[in-house]
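Here are a few notes to read alongside the structure.

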Amino acid sequence: MARQARAIQTRRQILEAAGVVFDQLGYESATITEILSRAGVTKGALYFHFDSKESLARGVLAEAVTTEGVLPQESKLQECVDLGLVLAHRVPREPMLSAAIRLSADQKARTLFGTSWTAWANLMGEYLDLAKAQGELLPNTVPQETAMIIVAAWTGVEIVTSDLKDGECLERRISRLYDHLLPSIAVPGVLAKLDTSPDRGARIWEAHQKQAAGAGGTLDLPAYV
């Protein structure tokens with residue numbers, strides 16, 4: 001068990017190092033040597049888990065598709081929104097998530113290992129399917145189509161925000177994105193109760209981290225009713 005735990009930790013350590021290097025240098029300029037140096041592991045350890053730079057990129061993309069930090073809500077549309085808000089909080093702070101976006105946007109590199117966009121759209125589509133089953137979406141809303149539109153818009157906002165460096169935070173821009181998109185898919189009664197506050201993602205993530213640490217963190221937000 002101890003050996004297995006060490007292997008899991010080493011794999012994570014390598015992926016995090018790869019995320020930093022891919023995020024800083026891009027896929028083409030990134031080297032195994034640089035990743036090894038940042039990870040602080042041997043070449044044998046790296047190649048035990050990943051047989052190439054391409055497989056490292058695939059690993060980073062796979063790790064980035066996550067619902068970590070999203071807390072259960074009565075409204076599944078709120079959970080869908082929370083997924084985007086939590087990600088908006090985490091991406092500027094976690095190089096592996098940022099690297100996944102950069103890798104997906106790299107036209108040359110993605111011919112080798114694909115992108116994370118389809119996986120993200122499928123994940124978001126699951127939330128929207130549940131929301132529609134609960135009567136939260138307008139009748140003409142197609143969950144999977146809507147999910148891909150949200151993912152495309154979210155990604156575009158992140159890329160523009162990252163490139164502009166104009167002082168406007170990603171969390172605020174994603175909050176505004178949802179304010180524009182949600183009226184076209186949510187029934188009015190649900191729309192009025194949704195929380196798209198720019199700081200919601202940070203509060204959810206903080207509550208999640210406290211819970212994970214055993215500190216009993218709770219989300220200091222009014223309950224969805």
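1. Does E171 count as buried or exposed? With a relative accessibility of 11%, E171 counts as buried, the cut-offs being under 20% relative accessible area for buried, over 50% for exposed and partly exposed in between (1.4 Å probe, protein chains only).

2. Before going on, some ground rules: this is a predicted model, where local features need pLDDT of at least 70, side-chain atom pairs count only at pLDDT 80 or more, and totals for chains, interfaces and linings use all residues. Residues are numbered from 1 along each chain as its sequence is written, and side-chain values use heavy atoms, with hydrogens and water left out.

3. Back to E171: its side chain meets that of R93 in a salt bridge, at 3.8 Å from N to O. This pair links distant parts of the chain, with R93 in the loop between α5 and α6 (95–105) and E171 in helix α10 (residues 170–181), 78 residues apart. A salt bridge here is a side-chain nitrogen of Lys or Arg within 4 Å of a carboxyl oxygen of Asp or Glu. The count by this rule is 14 salt bridges. Helices are DSSP runs (H or I, at least four residues), numbered from the N terminus.

4. Another pair to look at is E68 and R90, whose closest N and O atoms are 3.7 Å apart in a salt bridge. E68 lies in the loop between α4 (53–64) and α5, and R90 in helix α5, so the pair ties together parts that are 22 residues apart in sequence. E68 is partly exposed at 39% relative accessibility, whereas R90 is buried at 6%.

5. Now for helix α12 (residues 200–212).

6. Which residues of α12 are buried? They are R200, G201, I204, W205, A207 and H208. These cover an arc of only 160° around the axis, which puts them on the same side of α12; the arc is taken from the directions from the helix axis to the C-beta atoms. The buried residues pack against α5 (76–90), contact meaning heavy atoms within 4.5 Å.

7. R200 also has a charged partner: its side chain and that of D195 form a salt bridge at 3.2 Å, N to O. R200 is buried at 4% relative accessible area, and D195 counts as buried too, at 17%.

8. Two last things to find. Just after α12, G214 takes a positive phi of about 80°. Elsewhere, R11, R12, E16 and E63 are linked in a network of salt bridges.

How values were computed:
Helix = DSSP H or I, 4+ residues; strand = E, 2+ residues; numbered from the N terminus.
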